[in-house]
Amino acid sequence: MYVAQVPIPPATAQQKDVLNAVVKGVMATYDAHFEQLINGLVLELFFPYDLSSANIHLFDACIKAGMGQLAALEGKALTTTAEELATRIFVNDHPIFGMLFDLQGLPVLRIIEGNE
């Protein structure tokens, strides 16, 4: 009933492709980091100014990291590639991991989560 009242921000074709690829990653690996990345990408759609001001550009970082390669894969190839990608991007020194960490300190996220 209330979902119809929530505005859904527009996404570019490239942003949709990135989101689809990350969803495939979580489905293939069940890695909670991919779920956290989906949340971050959705936040970037809803609050682009807040994230950009904090130098958080997850869509760009996903494209640069090669997330799009998951889109064309299926089965074992998808699982293997998603796992390899996860071991590369969800480590302390990777920009995506750093941006996901930085999200936690944003006032907009703290308000949404009721921590403010």
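Guide: We'll go through some helix packing, a few residues and a surface patch.

Visitor: Before that, what kind of model is this?
Guide: A predicted model.

Visitor: OK. At what angle do helix 1 and helix 2 pack?
Guide: About 160°, and their axes are 9 Å apart. That makes helix 1 roughly antiparallel to helix 2, since angles over 145 degrees count that way.

Visitor: Is that crossing left-handed or right-handed?
Guide: Helix 1 and helix 2 cross in a left-handed way.

Visitor: And helix 1 with helix 4? What's the angle there?
Guide: About 65°. Helix 1 covers residues 13-29, helix 4 covers residues 58-65, and their axes lie 10 Å apart.

Visitor: So how would you describe that pair: roughly parallel or roughly perpendicular?
Guide: Roughly perpendicular, because the range for that label runs from 65 to 115 degrees. The crossing of helix 1 and helix 4 is left-handed.

Visitor: Helix 4 again. How does it cross helix 6?
Guide: At roughly 160°, with the axes of helix 4 and helix 6 coming within 10 Å. Helix 4 is therefore roughly antiparallel to helix 6. Helix 6 spans residues 95-103.

Visitor: Which hand does that crossing have?
Guide: Left-handed, for helix 4 passing helix 6.

Visitor: Let's switch to residues. Where is Phe59?
Guide: In helix 4.

Visitor: Buried or exposed?
Guide: Phe59 is buried, because its relative accessibility is 3% and the cut-off is under 20%.

Visitor: How far is Phe59 from Val91 in space?
Guide: 18 Å, C-alpha to C-alpha. Along the sequence, Phe59 and Val91 are 32 residues apart.

Visitor: What about Lys24? Where does that one sit?
Guide: Lys24 is part of helix 1.

Visitor: Why does Lys24 count as buried?
Guide: Because its relative accessibility is 18%, and buried means under 20%.

Visitor: And how far is Lys24 from Phe47?
Guide: Their C-alpha atoms are separated by 24 Å. Along the chain, Lys24 and Phe47 are 23 residues apart.

Visitor: New topic: the surface. Which residues make the nonpolar patch?
Guide: Val6, Val42 and Phe46 make a nonpolar surface patch of about 230 Å².

Visitor: Which helix holds Phe46?
Guide: Helix 2, which runs over residues 32-46.

Key
Residues are numbered from 1 along each chain as its sequence is written. This is a predicted model: local features need pLDDT of at least 70, side-chain atom pairs count only at pLDDT 80 or more; totals for chains, interfaces and linings use all residues. Side-chain values use heavy atoms; hydrogens and water are left out. Patches are made of residues with over 30% relative accessible area and no salt bridge: like charges are joined within 9 Å, nonpolar side chains (Val, Leu, Ile, Met, Phe, Trp, Tyr) within 5 Å. Accessible areas come from the Shrake-Rupley method with a 1.4 Å probe; for residues, only the protein chains shown count as cover. A salt bridge is a side-chain nitrogen of Lys or Arg within 4 Å of a carboxyl oxygen of Asp or Glu. Helices (H or I, at least four residues) and strands (E, at least two) are DSSP runs, numbered from the N terminus. Axes are lines fitted to C-alpha atoms, for helices over the stretch in contact, and angles run from 0 to 180 degrees between N-to-C directions. Angles under 35 degrees count as roughly parallel, over 145 as roughly antiparallel, 65 to 115 as roughly perpendicular and the rest as oblique. A crossing is left-handed if the near helix is turned anticlockwise from the far one by less than a right angle, and right-handed if clockwise. Buried means under 20% relative accessible area, exposed over 50%, partly exposed in between (1.4 Å probe, protein chains only).
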